[in-house]
Amino acid sequence: MTQSDSAAASESSSSRSAISHAGSSRTQVDLERSARSFGGGSVQLADLEEVDVRTVFQRDGDGFSGWLAGNLDRLSKELGVSGLREVGRDIAVGSFTVDILAQTDKGRRVAITNQLETTDHIHLGQVVTFAAGLEVSAVIWITTKVGEEHRAVLDWLNQHGDDEVRFFAVELRLLRIGNSLPAAVFNVATKPNDWQKVARQRQRVSSPFNSRMREF
């Protein structure tokens with residue numbers, strides 16, 4: 001090999017090394033850019049929009065009870081109740097009417113009353129009437145907003161009641177993304193505190209643990 005050939009080979013090898021290094025550097029830069037892009041800058045998320053419940057369900061019982069009766073599994077999941085199914089609708093109790101009478105998979109009956117607005121004293125009276133006038137294990141009050149004074153009453157009833165009836169207050173919201181159909185979201189605002197009830201029951205030495213509470 002001549003000296004010129006050796007020099008040419010050396011130059012070619014150096015060029016390949018430089019190209020390889022440049023390619024490796026570009027690959028590293030591309031990977032870092034991709035990682036930065038994946039981690040934040042290029043990610044776009046849509047905004048949730050709240051839909052006025054009244055624009056979908058015009059009045060209490062007008063469409064909502066029918067929809068809810070077909071979607072009681074969603075409500076039972078949020079409540080932690082072992083299944084709910086409709087057994088009656090528009091059940092008269094005195095001068096009031098229960099929107100939906102449901103039953104758990106363990107046979108416990110549940111009264112559901114709907115109020116598609118902020119809670120008021122009239123509906124609170126209905127809730128108490130349903131508890132007194134029906135042989136139910138729970139009364140569920142569905143509303144768009146639970147007032148603090150009504151939340152306090154239900155909490156008091158759950159804490160000081162005889163464990164025969166439980167009281168739930170559930171806030172309903174409708175949300176959508178862009179032009180999608182609205183989705184119902186249930187927020188349990190008030191529910192019984194079973195641990196407190198268990199503690200009180202254990203203090204009653206002469207009284208066995210209430211099976212209706214345990215099996216609900």
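Of the contacts (heavy atoms within 4.5 Å) in the chain with a separation of 6 or more, 61% join residues 24 or more positions apart. Keep in mind that this is a predicted model, where local features need pLDDT of at least 70, side-chain atom pairs count only at pLDDT 80 or more, and totals for chains, interfaces and linings use all residues. Numbering runs from 1 along each chain as its sequence is written, and side-chain values use heavy atoms, with hydrogens and water left out.

The chain has eight helices and seven strands, taken as DSSP runs numbered from the N terminus (helices H or I, at least four residues; strands E, at least two). Of its 216 residues, 34% are buried, meaning under 20% relative accessible area with a 1.4 Å probe, protein chains only; exposed is over 50%, and partly exposed is in between.

Now look inside. A nonpolar core is a set of buried Ala, Val, Leu, Ile, Met, Phe, Trp, Tyr and Cys residues joined through side-chain atoms within 4.5 Å. The largest one has 24 residues, with Leu68 and Leu172 among those with the most contacts inside it. Strand 6 gives this core its largest share, four residues. Leucine 172 touches residues including Val53, Phe64 and Phe186. Apart from this core lies another, of 18 residues, including Leu124 and Leu157.

Leu124 also belongs to helix 5, where His123, Leu124, Gln126, Val127, Phe130 and Ala131 are buried. They sit on the same side of helix 5 because they cover an arc of only 155 degrees around the axis, going by directions from the helix axis to the C-beta atoms. The face turned away carries the exposed His121, Ile122 and Ala132.

Key:
Lists of a residue's contacts leave out its neighbours within four places in sequence.
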